[in-house]
Amino acid sequence: MTSLTVDHNGLVPPGLCPNCRLRTGFKVRGSDLSTYLWPFARTEHPDVEHQLKYGVRTWLRQVLASCGHCGKTVVLHQLIRFHEDGETGEVLRVSQVWPERLPRELHTSVPNPVRDLFAEGARAEVAEAYRAAGAMYRAAVEELCKDLGAEGSNLASKINDLVKRGVTHEIVEDLHEARLLGNWSLHDGLEFSAEEVADVADLIAEAVHVLYVQPEERRAMRDARKARRDAYAAGNP
Ligand SMILES: [Zn+2]
């Protein structure tokens, strides 16, 4: 549960902008409090009986905000439970209603077994099944180590072995983060916040960008240069 002070201006937790993908602040342009009680918000207006049973201090707030970087609009729904004072409270749940949340994908230059596991984790993440997402992101890292030919008796030693294969210490640290989140999901059954899972997915995406996407881009540029040279040579015998 996220404990936040609810003020009159509305509150949007800082996080990744779904439009520009940058970690940024949001400017609240407007917010509406609704007396509809969750989980009845989508279907019916609560009757007096519901209000007596569940209390009248839980409200749904629609927040219209714009990204501090790209300026595009994000609409969030916050489920808020107000304290007795009616001024402060806790945000119990935040869901993004616009833009529609789509599962993340890795670039096509990433080997398919890694992409598939990551995509499965991403679908779990969108469905807010964060333990499953953590486990699948860990499996994607395991597959990535296999693809890079890492050796070791367990995932931790395989990740460390990547240093010998030209992977930077920074990326190795990031992959350990993903491994730990997955371990805790699988073995300790810990629950994670949306932000923690999103951070790990971003770390994996950054790592594969350096490991697969950039080399692929360089290869494409090299091929294009060669094609230009060949065409020039063919035209100038
Ligand atoms: Zn943005």
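How many residues has helix α5, and how far does α5 reach from its first C-alpha to its last? Helix α5, residues 169-187, has 19 residues and reaches 26 Å. That is close to the 27 Å expected at 1.5 Å a residue; the expected span is 1.5 Å times one less than the number of residues.

Ground rules. This is a predicted model: local features need pLDDT of at least 70, side-chain atom pairs count only at pLDDT 80 or more, and totals for chains, interfaces and linings use all residues. Residues are numbered from 1 along each chain as its sequence is written.

The overall picture. The chain has six helices and six strands. Helices (H or I, at least four residues) and strands (E, at least two) are DSSP runs, numbered from the N terminus. Along the sequence the pattern reads β-β-β-α-β-β-β-α-α-α-α-α. Of the 237 residues, 27% count as buried. Buried takes 20 or more other C-beta atoms within 10 Å of a residue's own, exposed 12 or fewer, partly exposed is in between, and C-beta atoms are placed from the backbone.

Back to α5. Its buried residues are Ile171, Asp174, Leu175, Ala178, Arg179, Leu181, Gly182 and Ser185. They cover an arc of only 160 degrees around the axis, so they sit on the same side of α5. The arc is that of the directions from the helix axis to the C-beta atoms. On the other side, His169, Glu170, Glu173 and His187 are exposed. The buried residues pack against α3 (130-147), α4 (155-161) and α6 (194-235). In contact means C-beta atoms, placed from the backbone, within 7 Å. After α5 comes glycine 189, with a positive phi near 60 degrees.

Now the α5 and α6 pair. Their axes come within 9 Å and cross at roughly 140 degrees. Axes are lines fitted to C-alpha atoms, for helices over the stretch in contact, and angles run from 0 to 180 degrees between N-to-C directions. From α5, the contact uses Ile171, Asp174, Leu175, Glu177, Ala178 and Leu181. From α6 come Glu196, Val200, Leu203, Ile204, Glu206, Ala207 and Val210.

Last stop, a strand residue. Leucine 64 lies in β4, residues 58-67. Is leucine 64 buried or partly exposed? Leucine 64 is partly exposed, because 18 other C-beta atoms lie within 10 Å. Leaving out residues up to four places away in sequence, leucine 64 touches Arg29, Gly30, Ser31, Thr73 and Val75. The C-alpha atoms of leucine 64 and phenylalanine 26 are separated by 9.6 Å, at 38 residues apart along the chain.

Methods: Two residues are in contact if their C-beta atoms, placed from the backbone, lie within 7 Å.
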